[in-house]
Amino acid sequence: MFKKLNNVLIFAAHHDDETIACGGTIKKLSDQGAKITVVFATDGSTGVDHTRNYEQQITSTRAKEAAKVGKILGIEKIINWFMPCQRLNYNAYLMQKAIKVIREIKPDLILTHSTDEKHSDHKELSKIVTQAAWKSSEDILPDLGKPYRVPDVWCFEVVDVISDIDYCIDITDQMSFKIQAMKVYESQENVVLGIINLIKGLGMTRGYSIGVEYAEAFRRISLQPARIQ
């Protein structure tokens with residue numbers, strides 16, 4: 001299946017969500033030749049712990065950390081929207097920004113958040129992306145590019161476990177890269193305590209379900225049926 005993926009587009013609310021949720025899958029796909037683009041929707045400005053060590057430069061720090069992570073995981077392009085953190089809302093402006101990116105990248109697969117998550121930014125971005133993936137195929141909004149039909153949209157797990165998963169991807173060979181990438185996000189080390197343990201534990205749980213050491217889980221959330229040829 002992955003051999004057919006030339007372009008993969010990931011929408012993440014915050015700098016580090018992509019690594020926690022699907023860092024292993026990103027590395028696996030990039031090693032197989034897929035071009036990976038990640039859109040970070042927010043500026044991450046509220047990700048400041050009680051040491052306040054990064055408070056004055058948290059936005060630029062998180063963006064720089066993400067750039068370093070991109071080199072580890074094989075991310076070809078990073079797009080930052082820098083929307084205010086914890087204030088992301090579904091609206092026409094952001095949906096059209098997403099449509100423009102989708103029509104430019106023409107992804108074979110989109111990965112993003114689930115509406116099952118607790119964080120409002122995650123939930124709202126999931127709504128934005130699923131709507132944009134659907135509307136990008138319609139013959140509307142010509143200023144945003146030519147219509148493009150997204151083959152599929154999946155949601156991933158960050159810190160909230162997805163129920164009723166559809167796919168588990170073996171990332172046993174990529175787990176070390178995922179951990180290495182997560183450690184680059186030094187500014188977030190105290191924000192989500194024990195995140196490395198969560199990554200390993202959930203990875204082992206998902207891996208057990210398909211008979212491998214580590215895996216990442218996904219659920220299909222496209223508003224359109226998948227086209228089988």
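**Figure 1. Residue classes lining the second largest cavity of the predicted model.** The lining comprises six nonpolar and three polar residues, with no charged residue among them. The residues concerned are Thr130, Ala133, Trp134, Val150, Val153, Ile221, Ser222, Leu223 and Gln224.

**Figure 2. Space within the second largest cavity and the contribution of helix α4.** This cavity holds about 40 Å³ of space. Helix α4 (residues 120-135) supplies the largest share of its lining, namely three residues.

**Figure 3. Cavities found in the whole structure.**

**Figure 4. Residues around the centre of the largest cavity.** The lining of the largest cavity consists of 13 residues. Those that lie nearest its centre are Ile20, Ala21, Lys178, Leu202 and Glu216. Two or more lining residues are given by each of the elements α1 (17-31), α6 (195-210) and β7 (215-220).

**Figure 5. Helix α6 and the residue classes in the lining of the largest cavity.** With five residues, α6 gives the most to this lining. Sorted by class, the lining of the largest cavity has eight nonpolar residues, one polar residue and four charged residues. The lining of the second largest cavity, by contrast, has no charged residues.

Methods
Residues are numbered from 1 along each chain as its sequence is written. This is a predicted model: local features need pLDDT of at least 70, side-chain atom pairs count only at pLDDT 80 or more; totals for chains, interfaces and linings use all residues. Side-chain values use heavy atoms; hydrogens and water are left out. On a 1 Å grid over the protein atoms alone, a cavity is a set of points where a 1.4 Å probe fits but cannot get out, and a pocket is an open set with protein on both sides within 12 Å along at least five of seven lines; lining residues have an atom within 4 Å of a point. Grid points are joined across faces, edges and corners, and a volume is the space filled by probe spheres set on the points. Helices (H or I, at least four residues) and strands (E, at least two) are DSSP runs, numbered from the N terminus. Ala, Val, Leu, Ile, Met, Phe, Trp, Tyr, Cys and Pro count as nonpolar, Asp, Glu, Lys and Arg as charged, and the others, Gly among them, as polar.
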